[in-house]
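This briefing goes through one structure by topic, from side-chain contacts to the chain interface and the backbone. Please keep the sequence and the coordinates at hand while reading.

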Number of protein chains: 2
Amino acid sequence: MTLAPAEAGKSTRSVAVVRGAFQVPGFRVGTASTGMRYRNRLDLAAVVSDHPVSAAGVFTRNRFAAAPVRLCRARLERHAAGIRAVVANAGIANACTGEEGLRRAESMATLAAEALGLQPEAVLVASTGVIGPQIRLEPIREALPELARSLRPEGWEDAASAIMTTDTRPKTAHTRLSFGGSEFTVGGIAKGSGMIAPDMATLLAFVATDAPMSVEVLRHWLRAGAERSFNRITVDGDTSTNDTLIALAAATAAYPVIRDPLSPEGRCFGEALTAVLLDLARQVILDGEGATKFVALQVTGAPDAESAKKVAFTVANSPLVKTAFFGGDANWGRIVAAAGRAGVPLDPDRVSLTFGNVCVFQNGAPLDGEDLEARATEVFRGKAIDIRLDLGVGTAEETVYTCDLSYDYVKINGAYRT
Amino acid sequence: MTLAPAEAGKSTRSVAVVRGAFQVPGFRVGTASTGMRYRNRLDLAAVVSDHPVSAAGVFTRNRFAAAPVRLCRARLERHAAGIRAVVANAGIANACTGEEGLRRAESMATLAAEALGLQPEAVLVASTGVIGPQIRLEPIREALPELARSLRPEGWEDAASAIMTTDTRPKTAHTRLSFGGSEFTVGGIAKGSGMIAPDMATLLAFVATDAPMSVEVLRHWLRAGAERSFNRITVDGDTSTNDTLIALAAATAAYPVIRDPLSPEGRCFGEALTAVLLDLARQVILDGEGATKFVALQVTGAPDAESAKKVAFTVANSPLVKTAFFGGDANWGRIVAAAGRAGVPLDPDRVSLTFGNVCVFQNGAPLDGEDLEARATEVFRGKAIDIRLDLGVGTAEETVYTCDLSYDYVKINGAYRT
């Protein structure tokens, strides 16, 4: 929604996204168990391409970026057209680990490259898990042969399991697109169940496509897609030291390489990628720590997109609003009051608020009626809550997705290390 | 801490603040029960001065300011030297009530003025409670004679009870100051147990002094004092539509009116007022919804005060950090990661973090040792946690006060209206 108008595309075509098993021609995926922190489960995954691909990444804006993030940023600056693999481990995040952490991230990439028969700088790494401890290289080295042996086109679902931390479900999504008589796939996996958790719940997502394109086209649409998906969700307002989203586009022989992001083929890919990212983002929210509800909050009638986003996130991150979601309490007062402290100039007399299709607050005042309260409560008792907050002053709008704040959120995060 | 250096005063004299019963010469305080929302309890309070006083107020920055806030702002602009009373009710907040709400706030002031024998514009009003419904004037009218009859110098504690909503304890604080051979009192009451709660937990605070001063002096120190107290606490980051802090200074014959805020007498008063406000603010945190811990978070070594404050509030409002407080988990990773997303340029390699007197993180890396973890956990298991986060780049510092995020916070706010 924050794309510049010239880039936004006016297509209303909806893209069908499917969860579960998928393959992306040109990619194989492997998994293994290092035992570094977890017992008896997969905790190492690799996405490997048969040939060099175009690669792009978006990463945490946290100032304490973890070592793997720093490594990826550097490699994507120099080798974005020569990447062959992404290797990720779960259990230890390699964050706040100083220069030694960076050395170990590089060693992890080098060890993986050797096991996979690649150049070291063709490998990206990602980590998620506890902050502070150093990752251990020996368990990774020992698990890499198993990883290499397990590489297969249908390995994505296992990889989605291997990168989980506090997640309760693996997250996969894919879609198909076609242009010029050829068909292509965009598919990916994600993990993350708080937006952060220095302990555990970093966001990681890896997507791949066989639609051939330049690094610039991939980068363009990855940024735009992330802005409309992972940058529009919030569990608790926190962002991790390790948040990483990487996209890989294999060059296939079937079609000439897309070089213009705004060409019809470029836009077609952009829509498909955004749809896959948005579906993965929704799954992250649905699996939010302790979440019992999925909330889509749309702010409309804003003077500009920035204001709409600010209001939406202020409301979505308000603990009072989120506990009301949990309690099934159609508490318009908390939503209006949170909007009022967003730091955006508002004219209270023009603000309206709708739950589902029940308008509860119009032009600055609550609407009346016993029936209204009952109908609004009905909306809040559901598993998915749609909220529209109209500021009544402009035409800009933004949608963010969030979940409720439950006892289990406190339990998961209050008791995690003890 | 954000006072300009020229105004900050270098006195290290600590001001002794006392809780419990007090009187302020020149003021009488009354209470009554309206039954508007609560049964069998006081819910109406008035602070009345024997003569016109200097008055000043600071109010919510929420764009949806409630009707009583709008009334007070207007009256303090025109009549700040002619105020005689503040009347407050608990139960219904008169917020989001449109023009009719404003009319009722004015009627409430007028009715109170009649009962107290004052000019209508000499009365300020404040409300706290549920957002949305209109206050009912009839119950107030009926209770006002009881309120007028109960006026007495020692009524402050009852008034502190009358303005409570989800508070579990009345909050009072006072101190004494002397200059020119005379002794004066600064005393006040407060309520509020979430920083907001459109339902309930607005912050209200009323302070009075018999130290004689101009409106300008009172306004100067009220703003400065609020900045160092109520503007440095957070329970959940939310701010109410009704937050109101009003100060009244009676002119007594004992001493010439203070006209310069930076005179020795002005500074002396400023210190006393700030100490009283800070103590009231601490009580609000200690009574925070579901709070089990009191946390003082000091950010030092910041490039400027604004950055220090931003980092401090980002950490203090992080649900992940607050659940770690609740769990007694000395989770430095969450604090560091929250600091990293505050939007302030940080050099991770210069950041240090100390719990109590246990330094756990130095120059960007966690310190080692079994014993260290145990000692840090010991600090977190206490009722009061002192945290110092040093950014290592400048000399600015800020302290904010907060509490933990517990099961009971979710319970109180998730189940309140149901």
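**Briefing on a predicted model**

The side chains of A:Glu398 and A:Arg232 are joined by a polar contact of 2.6 Å. This comes from a predicted model, and the values below are to be read as computed from its atoms.

**Polar contacts within chain A**

- A:Glu398, the partner of A:Arg232 in the contact of 2.6 Å, belongs to strand E15 of chain A, which covers residues 396–403.
- With a relative accessibility of 0%, A:Glu398 counts as buried, because the cut-off for that class is under 20%.
- Along the chain A:Glu398 and A:Glu154 are 244 residues apart, and their C-alpha atoms are separated by 36 Å.
- A second polar contact, of 2.9 Å, links the side chain of A:Thr165 with that of A:Lys191.
- A:Thr165 is placed in the loop that runs between helix H5 (156–162) and strand E5 (171–179) of chain A, and its relative accessible area of 10% makes A:Thr165 buried.

**The annotated residue**

- Which residue does the UniProt annotation "active site" cover? According to that record, an unreviewed entry, the annotation covers A:Thr202, and such annotations may be inferred rather than shown by experiment.
- In chain A, A:Thr202 sits in the loop between strand E6 (182–191) and strand E7 (204–209).
- Is A:Thr202 buried or exposed? The relative accessible area of A:Thr202 is 1%, so this residue is buried.

**Salt bridges**

- Over all chains, a search of the whole structure finds 30 salt bridges.
- One of them pairs the side chains of A:Glu183 and A:Arg176, with an N to O distance of 3.4 Å, and both A:Glu183 and A:Arg176 are exposed.
- Another is formed by the side chains of A:Asp371 and A:Arg375, at 3.7 Å from N to O; because these two residues are four residues apart in helix H11 of chain A, about one helical turn separates them.
- A:Asp371 counts as partly exposed at 48% relative accessibility, and A:Arg375 also counts as partly exposed, at 38%.
- In chain B, the side chains of B:Lys171 and B:Asp167 meet in a salt bridge of 2.7 Å, N to O, and both B:Lys171 and B:Asp167 are buried.
- In chain A, salt bridges with shared partners connect A:Asp167, A:Arg169, A:Lys171 and A:Asp287 into one network.

**The interface of chain A and chain B**

- The size of an interface is often given as the accessible area lost when the parts come together.
- By that description, chain A and chain B bury about 4,600 Å² between them, and 61% of this area is on carbon and sulfur atoms.
- The contact involves 57 residues from chain A and 57 residues from chain B.
- How many salt bridges does the rule find across the interface of chain A and chain B? Zero salt bridges are found there, whereas six residue pairs are in polar contact across the interface, both residues of each pair being at pLDDT 80 or more.
- On the side of chain A that touches chain B, at least two residues each are supplied by helix H9 (319–327), helix H10 (332–340), strand E13 (365–366), helix H11 (370–381) and helix H12 (407–414) of chain A.
- Of that side of chain A, the largest share comes from H10(A), with seven residues.
- Sorted by class, the side of chain A that touches chain B consists of 28 nonpolar, 16 polar and 13 charged residues.

**Backbone angles in chain B**

- B:Asn40, a residue other than glycine, has a positive phi value, near 55°.
- The loop that holds B:Asn40 lies between strand E1 (27–32) and strand E2 (44–59) of chain B, and B:Asn40 is exposed there, with a relative accessible area of 82%.
- B:Cys96, also a residue other than glycine, has a positive phi near 55°.
- B:Cys96 is located in the loop between strand E3 (83–92) and helix H3 (98–116) of chain B.
- Is B:Cys96 buried or exposed? With 9% relative accessibility, B:Cys96 counts as buried.

Methods: Residues numbered from 1 in each chain as written. Chains lettered and ligands numbered in written order. Predicted model: local features only at pLDDT ≥ 70, side-chain atom pairs only at ≥ 80, totals over all residues. Heavy atoms only, no water. Buried < 20%, exposed > 50% of the residue type's maximum accessible area, 1.4 Å probe, protein only. Contact = heavy atoms within 4.5 Å. Buried area = accessible area lost by both parts, 1.4 Å probe. Salt bridge = Lys/Arg side-chain N within 4 Å of Asp/Glu carboxyl O. Polar contact = N/O pair within 3.5 Å; in protein donor to acceptor, adjacent residues only side chain to side chain. Nonpolar A, V, L, I, M, F, W, Y, C, P; charged D, E, K, R; others polar.
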